[in-house]
Amino acid sequence: MDFALTDEQIAHRKEFFKACSELESQKPASFVGFESIFENDECWQFHRSCAKEYARRGWLSLAWPAEYGGTGAMMDRVMFGEARGYHGVPGLDPFGVQMLAPTLLAAANEDVKKRFLPSIANAEIFWCELWSEPNAGSDLAALTCTAIKKGNEYVINGQKTWNSGAHKADWAFGVFKSDPNGRKHHNLAFLLLDMKTPGITVRPIPYMNGATIYNEVYFDDVHVPAENIVGQENGGWAVVNTLAGFERSALDEIMAMLRGLETLVEFCNQTKRNGQPLSRDPLVRNRLAQLACELEAARTLAYRIADLQNRGEMALMDASALKVFASEFGERFAFTATDILGPYGQVKHSKWAPLNGLWENMYHECFVFTISMGTNEIQRNIIAWYGMGLPRMK
Amino acid sequence: MDLRFSEQQEILKKMARDFLTTECPKALVRELEKDEKGYSPALWKKMAELGWMGLVIPENYEGMGYGFRDLTVLVEEIGRNILPGPLLCTIISTFPILENGTDEQKKDFLPKIARGELILTPALLEAEGTLDASGIALKATAKGDDFVINGTKMFVEMAHVADYFVLAARTKTGTSEDGITLFLVDARSKGVTCEVIPTIAHDKLCEVKFKDVSVPRKNVLGQVDKGWPIIVKLIEKGAVIRCAESLGGIQTCVEMTVAYSKERVQYDRPIGAFQALQHIMADMWISMETCKYLIYEAAWMAAEGMPCSREVSMAKAYVNEAYKNVSKWAVRLHGGIGTSGEHDIPLYYRRAKAADIAYGGTDWHRELVAQKIGLT
C-alpha cells in the first residue's frame with residue numbers, strides 16, 4: 001500500500017501543472033467553467049488554442065500505443081487531468097480525446113484508426129456525441145433515429161438531443177438504429193460523421209441560465225460513408241459500452257473543486273460579515289470542513305481508480321461510485337457556497353459577482369455532472385446489479 | 001503508487017478473519033457485553049500467542065516488528081467481526097512508549113505488552129468530555145521523587161481491568177497546551193478508584209478517581225509540562241485505528257444487508273429486487289468505498305511518519321458519519337428483525353456511535369480540518 005508517486009511521475013506532474021498554470025493566465029474573463037467553451041466564441045477559441053498547446057507537447061495522445069504516436073503512461077493522463085482541473089483550463093476535447101480515441105483504439109479497424117486518430121492527437125478535429133433522443137435517455141437502446149445502409153453509405157434520419165457542443169464541433173460520433181426490425185441491442189450502428197454533411201440541422205436548447213450548452217440535432221437524409229463505422233454492422237451496442245468506460249475522468253473535476261474550495265476559503269478569510277471575517281463563523285468553518293473531508297474522500301477514490309487503470313483494469317464499479325459521489329458533492333458544494341455568499345450568491349458573472357460568478361454558475365451547471373454520462377440513478381443500478389449482485393430490473 | 005494490500009497484509013488479513021470467526025462468535029460478543037470484565041482472558045491469551053498486542057513492537061522488545069499500516073489491516077478485520085476487550089486501547093497506549101519512552105520504560109513495558117501480560121489504556125478525557133487541552137484539569141504536583149495526582153478521568157476504556165493508565169495531567173496551572181504531562185500510572189496504586197459507566201456499546205468506559213495517588217518521576221512519559229504534542233500523536237493514531245475498525249464494521253453492514261435482501265421475500269420476490277432498496281444499498285456501498293481510500297491514505301501517511309493531522313481529521317470526521325449512516329440503513333433494511341437485541345446488526349449500529357465519539361467526534365475533527373485548509 002503506497003500512495004507515493006515516483007520521482008519521474010513527480011517531475012511530469014510539475015510539468016503538467018506549470019503548462020496549465022501558464023494557460024490559466026491567458027483565460028478570457030468570460031471563462032467561468034469548462035462548459036463556457038460551448039457558450040461563446042471567445043471561450044471556444046481559447047479551448048482550441050489550449051488544445052494546440054497540449055498537442056504540441058504530445059499530451060493529447062498520452063497512454064496511446066506508440067505506433068499511433070502515443071507517449072507516456074496512464075498515470076501521466078491522470079496527472080495531466082489534475083493539472084487542467086486545478087488550473088481550470090480547457091483544451092482537452094472530452095469527446096474526441098477522452099471518449100472516442102480510446103474507443104477507436106479498442107474497437108475500430110486499422111483504417112478507421114489511421115484516418116481519425118492523428119487529427120485527434122493534433123487538435124485539428126473537435127468532436128461531439130450524438131447519443132440521447134427525446135424518447136431514449138437512460139434507456140439508450142430504445143433509440144429510433146435510423147441509419148440505413150444503402151450501398152456504400154448509411155443514410156440517417158431522425159433526431160438526437162442533449163448534445164453538448166454540436167454547434168461548435170467539427171465531427172460527431174453517434175449511435176443509430178441500423179436494423180429497424182432487429183432485436184434490441186443487436187440493431188445499432190456506431191458511426192463517425194462530419195457535422196458539415198448536408199441534411200444536418202443543429203438547434204440550440206437554451207440552458208436554464210440562458211447559456212447554450214445543449215443542442216437538438218436533426219437528420220434529414222444525411223449520407224455517411226459506410227467505411228465510417230466503428231465495430232460490426234448492427235454491433236454498435238458493444239462499442240457504446242466500450243465508450244462508456246472511458247467517459248470523463250472525475251479527477252479533473254475533483255481538482256477543479258479543490259481549487260474552488262481554496263478560493264472560497266480565501267474569500268471567507270478576506271470578507272467581513274457582522275464585524276468579523278466569515279472565516280471566524282463556526283458554521284462556515286464546519287460546513288467548509290465537511291466539504292473538504294468529502295472532497296478528499298473523492299480524491300483518494302479517484303487515485304484508487306487511477307491505480308487500477310494503470311494496471312490495465314477498468315475499475316467500473318468504483319468509477320460508478322465516484323461518478324455519483326463527486327457529482328452530488330458538486331451539488332452540495334454549489335448549495336453551500338451560494339449560501340455562504342449570502343445575497344451575492346445569486347449574482348451572475350458581472351462587476352458585482354464575487355469569485356467571477358463561479359458559484360451562481362455552478363448552481364445551474366452542477367446537473368451537467370449528475371445527469372449526463374449515465375444518470376446517477378443508472379449508476380446506482382449498475383452498482384446494485386453488477387457490484388452487489390442484486391436482481392436486475394426487467 | 002500501489003494501493004493494493006501487500007502479500008504480508010493479505011496473509012495477516014486472512015489469518016485474522018479466520019481466527020476471529022472461530023474464536024469470537026457473536027454469542028461471545030453478546031455474552032461479554034454482560035460480563036463484568038468485558039473481555040475473555042482465554043481469548044486474550046490466544047491473541048497474545050498470535051502476537052497481536054506486540055504487532056507493531058520491534059522484535060528486540062519481543063514484538064512482531066510490523067508497521068502501522070499492517071496494524072490497520074488487522075484492525076479492519078477486528079471491526080468486521082467485533083472484538084470486545086482491551087486490545088485496541090492497549091495498542092494505542094503502546095505508541096507513546098515506543099515513540100517517547102525512555103530506554104528503561106521501553107524495557108519495562110514493551111516485552112510485557114507483547115507477551116499479553118499488561119493491559120494499558122489512555123486516560124485523557126475529564127468531566128467536560130472535550131479532547132482539547134483545556135479539558136485537562138486533573139493535577140499532578142511534584143513532591144520529592146514523586147508526583148501526587150488528584151482528580152477524575154472520564155470515559156477511560158477498560159480501566160477496570162487495566163494495569164496501567166497513560167494519563168494526561170496538569171503540572172502547571174492554566175488551561176493551555178503547555179503544562180500538561182503524560183504519566184504511566186499503575187492502575188492498582190493506592191487512591192485509585194474505578195466505576196464502569198453504562199454505555200451504548202457496553203465497552204466498559206470508566207470513571208476513574210485519583211486521590212493523592214503517588215507516581216514515581218521515572219514514570220513520566222516524555223518531558224514534564226511538554227506532554228501535549230505526544231497526546232496529539234496518540235489521538236492521531238487512535239483516530240486512524242478506530243477509523244479502520246469502523247471500516248470493517250461498515251463492510252459487514254453492507255454485506256449482511258445485501259445478503260439479507262437477497263433472501264427475504266415479500267410480494268413474491270426478494271426485497272433486494274426493489275429499486276427503492278437497491279439505491280440505498282448502492283449508497284451504502286459508495287460510503288464504504290469512499291471511506292476506504294480516505295482511511296488508507298491517512299494510515300499510509302501515519303505509517304510513513306509524514307505529517308498527517310489534516311488527513312487523519314478528514315478521515316475521522318467523514319468515517320464517523322459514514323459508519324452511523326451505513327449501520328442505520330442496515331437496521332432499516334432488515335426491518336423489524338434489525339431492531340432485535342438478538343440480531344447482529346444492532347451490535348454494529350451501537351458500536352458506530354461509540355467509534356464516532358472515541359478520539360474525536362465529527363465536529364471536533366471538522367474544526368481541525370477548518371484550520372488545516374487555511375480558514376483563519
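Visitor: How many residues of chain B are in contact with chain A?

Guide: Two residues are in contact if their C-beta atoms, placed from the backbone, lie within 7 Å. In this predicted model, local features need pLDDT of at least 70 and side-chain atom pairs count only at pLDDT 80 or more, while totals for chains, interfaces and linings use all residues. Residues are numbered from 1 along each chain as its sequence is written, and chains are lettered from A and ligands numbered from 1 in the order in which they are written. Here, 39 residues of chain B are in contact with 39 residues of chain A.

Visitor: Which helices of chain B supply that side?

Guide: Helices (H or I, at least four residues) and strands (E, at least two) are DSSP runs, numbered from the N terminus. At least two residues each come from H7 (228-263), H8 (275-303), H9 (309-334) and H11 (362-372) of chain B. H8(B) gives the largest share, 14 residues.

Visitor: What is the make-up of this side of chain B by class?

Guide: Ala, Val, Leu, Ile, Met, Phe, Trp, Tyr, Cys and Pro count as nonpolar, Asp, Glu, Lys and Arg as charged, and the others, Gly among them, as polar. The side of chain B that touches chain A has 21 nonpolar, 9 polar and 9 charged residues.

Visitor: At what angle do H4(B) and H7(B) pack?

Guide: Axes are lines fitted to C-alpha atoms, for helices over the stretch in contact, and angles run from 0 to 180 degrees between N-to-C directions. Angles under 35 degrees count as roughly parallel, over 145 as roughly antiparallel, 65 to 115 as roughly perpendicular and the rest as oblique. H4 (residues 68-81) of chain B packs against H7(B) at about 45 degrees, with the axes 6 Å apart; the two helices are therefore oblique to each other. Among the residues that meet are B:Val75 and B:Ile78 in H4(B), and B:Val240 and B:Ala244 in H7(B). The residues of this contact comprise 6 nonpolar, 7 polar and 4 charged.

Visitor: Which strands pair with S3(B)?

Guide: Two strands pair if DSSP finds at least two bridges between them. S2 (residues 139-143) of chain B pairs with S3 (residues 146-157) of chain B in the antiparallel sense over 5 bridges, and B:Lys143 has B:Asp146 as its bridge partner. These two strands form a hairpin with 2 residues between them, where B:Gly144 in the turn has a positive phi of about 60 degrees. S3(B) also runs antiparallel to S7 (residues 205-216) of chain B, joined by 9 bridges; there, B:Glu157 is partnered by B:Leu205.
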